[in-house]
Amino acid sequence: MKKLQWYFPDSIEEALTLLKGGKTVPHSGGTSLANRGLSSVSALVDTARLPLKYLRIDSGNLEIGANETYASVADGLRNILPGNLLIESLGHATSTPLRNRITLGGSASLFPLWSDLLGPMAVLNGEIRAEGKNGGSYDVFAWIRDHSLQRETLITSLFFPDAADWISCYYRETRVGFDYPSFTVSVLARINGKTVDTVRIALSGGLDRVVRLKALEEALTGRDVFHLSSVDVLSMASVPFGRKPSGSPEYLSAVAAVQVKRCLETVLLQEERR
Ligand SMILES: Cc1cc2nc3c(=O)[nH]c(=O)nc-3n(C[C@H](O)[C@H](O)[C@H](O)COP(=O)(O)OP(=O)(O)OC[C@H]3O[C@@H](n4cnc5c(N)ncnc54)[C@H](O)[C@@H]3O)c2cc1C
């Protein structure tokens, strides 16, 4: 059996030195690393001692340290940003033991098709902040397009500008609660009187991993909330899917569009239903 070297650095500088060369990789929650072959890896740099566990809110901008877990983010945000989309998405993802382990850094490194972070990042205009060889701040679409950005690079935080005061809806398509979602829907809106000020819609899990439904957003923005019934949401929200255990591409595409429509009804018409 291959022996792996473990390192437990206390500072980001030390961790970055250890990551040089590319055969040493970060270990955070370990939920993915534990399942994957590590033949190309010579050592693991555990991130637990790094100062990457924090939730900061400043003038509506939210920054979350990479070592916060799904569970700790959902719990922390309930106090500082009640109603935030991440409470619903991360707080109900997978099972309790996994939510207690999965970190935002590990999650943003992989962004798997079943991610409960990817769709919310897309509508919250989230940025990945990293240090090391490719240090910088990346929007989520640029980040997932280029995996080479991650070489010798440590994700330090996720940044969400203008994260407060949204009406939100999150939907994950699963057969049982702890299942991998076959797709997710994320919707954010701000409504002024009966007019849609802003609406953002993302669908993740399809062939393109995550898409913002821009044409649909434009069709609704600046219009009366009831204009929703005049828009052909089902065709505008139709995105291509691959085959999954939960259904054929055609089936998943149709069900996802229905769930986009339901989420839009929830956020745009909630006041009217009271
Ligand atoms: C059974 C199961 C079900 C799951 N279901 C869901 C689900 O429904 N929804 C969901 O969103 N997720 C789900 N996940 C989690 C997801 O698949 C990954 O396992 C998770 O994103 C990995 O996070 P981690 O903190 O455990 O990372 P690790 O396993 O520690 O690392 C994963 C990768 O990220 C890299 N990495 C870790 N930290 C950093 C960092 N700070 N900077 C740069 N790179 C880093 C590692 O080197 C590795 O390549 C599930 C996982 C399992 C095992």
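Predicted model: local features only at pLDDT ≥ 70, side-chain atom pairs only at ≥ 80, totals over all residues.
**Entry 1. Domains**

I began with the domain bounds. The chain is split into domain 1 (5-46), domain 2 (55-160) and domain 3 (167-273). I then looked at how domain 1 meets domain 2. Their C-alpha centres lie 19 Å apart. Across the boundary, twelve residues of domain 1 are in contact with 15 residues of domain 2. I asked which element gives the largest share of the domain 1 side. Helix H1 (residues 12-19) does, with four residues. By type, the domain 1 side holds five nonpolar residues, six polar and one charged.

**Entry 2. Helix H1**

Next I looked up what they pack against.

**Entry 3. Gly132**

I followed strand S6 to Gly132, which has its place in that strand. Is Gly132 buried or exposed? I count it as buried, because it has 20 C-beta neighbours inside 10 Å. Leaving aside neighbours within four places in sequence, its contacts are Leu16, Leu19, Glu152, Thr153 and Leu154. Gly132 and Leu118 are 14 residues apart in sequence, and their C-alpha atoms are separated by 23 Å.

**Entry 4. Ligand shell**

I turned to the ligand. There are 32 residues around it, and Gly29, Thr31, Gly105, Gly106 and Ser109 come nearest. The elements that give two or more residues to the shell are S2, helix H5 (104-110) and S8. Which element gives the largest share? It is H5, with five residues. I sorted the shell by type and got 15 nonpolar, 15 polar and two charged residues.

**Entry 5. Helix H2**

H5 came up again when I looked at helix H2 (residues 70-80). The buried residues of H2 are Tyr70, Val73, Ala74 and Leu77. Down the axis of H2 they fall within an arc of 95°, so they line one face of the helix. I looked up what covers them. The cover includes S4, S5, helix H3 (85-91), helix H4 (96-99) and H5.

**Entry 6. Nonpolar core**

I looked for the largest nonpolar core and found 71 residues in it. Val187, Leu203, Ala237, Ala256 and Val260 touch the most other members. Helix H10 (residues 249-268) gives the most to this core, with eight residues. As background, nonpolar side chains tend to be buried together in soluble globular proteins. I took Val187 for a closer look. Neighbours within four places in sequence aside, Val187 is in contact with Ser168, Cys169, Ile201, Cys263, Leu264 and Val267.

**Entry 7. Loops and phi**

I finished with residues in loops. Most residues other than glycine have a negative phi. Ser59 has a positive one, near 50°. Where is Ser59? I place it in the loop between strand S4 (55-58) and strand S5 (61-65). Ser59 is exposed, because 7 other C-beta atoms lie within 10 Å.

Asp165 also has a positive phi, near 65°. Asp165 lies in the loop between S8 and strand S9 (167-172). With 10 other C-beta atoms within 10 Å, Asp165 is exposed.

My last stop was Asp208. I found it in the loop between strand S11 (195-204) and strand S12 (210-212). Asp208 has 13 other C-beta atoms within 10 Å, so I note it as partly exposed. Asp208 and Asn125 are 83 residues apart along the chain, and their C-alpha atoms are separated by 17 Å.

Methods. Residues numbered from 1 in each chain as written. Domains from an automatic or database assignment. Contact = placed C-beta atoms within 7 Å. Nonpolar A, V, L, I, M, F, W, Y, C, P; charged D, E, K, R; others polar. Near = placed C-beta within 6 Å. Core = buried A, V, L, I, M, F, W, Y, C linked by C-beta atoms within 7 Å. Buried ≥ 20, exposed ≤ 12 C-beta atoms within 10 Å, placed from the backbone. Arc of directions from axis to C-beta.
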